[in-house]
Amino acid sequence: NPGAGWPNKQWPPERFGLVARHVSRQHGWPSVVLWGPGEQALAGAVVAASDGTARIAPPTGLGDVLALARAAALVVAGDTGPLHLAAALGTPAVGIFGPTNPARNGPWSQADVTLSRFEQCECHHKRRCRRSQPCVQDIGVDEVTDAVDRRCHQVTFRA
């Protein structure tokens with residue numbers, strides 16, 4: 001899920017596409033890209049950067065997001081509602097955090113992995129960044145793919 005309610009929580013969609021490519025090649029899992037109102041182009045950018053390994057989800061309501069999260073082997077997202085819903089359902093998660101503290105915002109499973117730049121952030125829990133580039137963009141693709149690999153090694157499949 002590449003969307004975010006705050007611009008400074010949003011990790012670049014091209015990087016999500018590279019993560020989807022990694023998930024496909026390393027783990028054999030397809031990626032479905034969720035999007036909310038006004039985010040279809042953002043989701044399309046993820047799909048375009050995935051080299052055909054991700055597909056865009058149809059428009060979804062809350063029930064659809066819950067069903068997709070429940071069926072997912074893994075969710076990768078920023079500090080957003082879909083991440084928190086997936087974590088609440090027990091779906092394995094990798095969270096990408098910038099101006100918000102994952103210790104406060106979750107996910108709280110010991111097995112889930114969060115990547116954060118909260119310590120370096122200058123705009124804690126603020127909707128607008130004071131820097132020229134939001135701190136969440138300091139998180140690299142390699143960090144996320146490493147987190148995905150670590151979390152995938154702990155995944156047990158549900159029927």
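**Figure 1. Helix 3 passes helix 4 in a right-handed crossing.** This close-up comes from a predicted model. Helix 3 covers residues 62-71 and helix 4 covers residues 81-89. Their axes come within 9 Å and cross at roughly 55 degrees. That angle makes helix 3 oblique to helix 4. On the side of helix 3, the residues in contact are Leu62, Val65, Leu66, Ala69 and Arg70. They meet Pro82, Leu85, Ala86 and Leu89 of helix 4. Sorted by class, this contact holds eight nonpolar residues, one charged residue and no polar ones.

**Figure 2. Helix 1 and helix 2 pack with their axes 7 Å apart.** Two packed helices are described by the angle between their axes and the distance between the axes. Here the angle is about 45 degrees, and the two helices are therefore oblique to each other. The crossing of helix 1 and helix 2 is right-handed. Helix 1 contributes Pro13, Glu14, Phe16, Gly17, Leu18 and Arg21 to the contact. Helix 2, which spans residues 40-49, contributes Leu42, Ala45, Val46 and Ala49. The contact of helix 1 with helix 2 divides into seven nonpolar, one polar and two charged residues.

**Figure 3. Helix 1 also meets helix 6, residues 141-152.** The axes of helix 1 and helix 6 come within 10 Å and cross at roughly 40 degrees. Helix 1 passes helix 6 in a right-handed crossing. From helix 1, the residues in contact are Arg15, Leu18, Val19, His22, Val23 and His27. From helix 6, they are Val141, Val144, Thr145, Val148, Asp149 and Cys152. By class, the residues of this contact are seven nonpolar, three polar and two charged. Leu18 of helix 1 takes part here and is also listed in the contact with helix 2.

**Figure 4. The largest pocket holds about 570 Å³ of space.** A total of 24 residues line this pocket, and the closest to its centre are Pro30, Ser31, Val32, Ala72 and Leu74. Several elements each supply at least two residues of the lining: helix 1 (13-27), strand 1 (31-33), helix 3, strand 3 (75-78) and helix 4. By class, the lining of the largest pocket has 22 nonpolar residues, two polar residues and no charged ones.

**Figure 5. Aspartate 51 lies in the loop between helix 2 and strand 2.** Strand 2 covers residues 54-56, and helix 2 covers residues 40-49. The phi angle of aspartate 51 is positive, at about 60 degrees, although this residue is not a glycine.

Methods. Residues numbered from 1 in each chain as written. Predicted model: local features only at pLDDT ≥ 70, side-chain atom pairs only at ≥ 80, totals over all residues. Heavy atoms only, no water. Axes fitted to C-alpha atoms, helices over the stretch in contact; angles between N-to-C directions. Helix = DSSP H or I, 4+ residues; strand = E, 2+ residues; numbered from the N terminus. Parallel < 35°, antiparallel > 145°, perpendicular 65-115°, else oblique. Left-handed = near helix turned anticlockwise from the far one by under 90°. Contact = heavy atoms within 4.5 Å. Nonpolar A, V, L, I, M, F, W, Y, C, P; charged D, E, K, R; others polar. 1 Å grid on protein atoms, 1.4 Å probe; cavity = no way out; pocket = protein on both sides within 12 Å on 5 of 7 lines; lining within 4 Å. Points joined across faces, edges and corners; volume = space filled by probe spheres on them.
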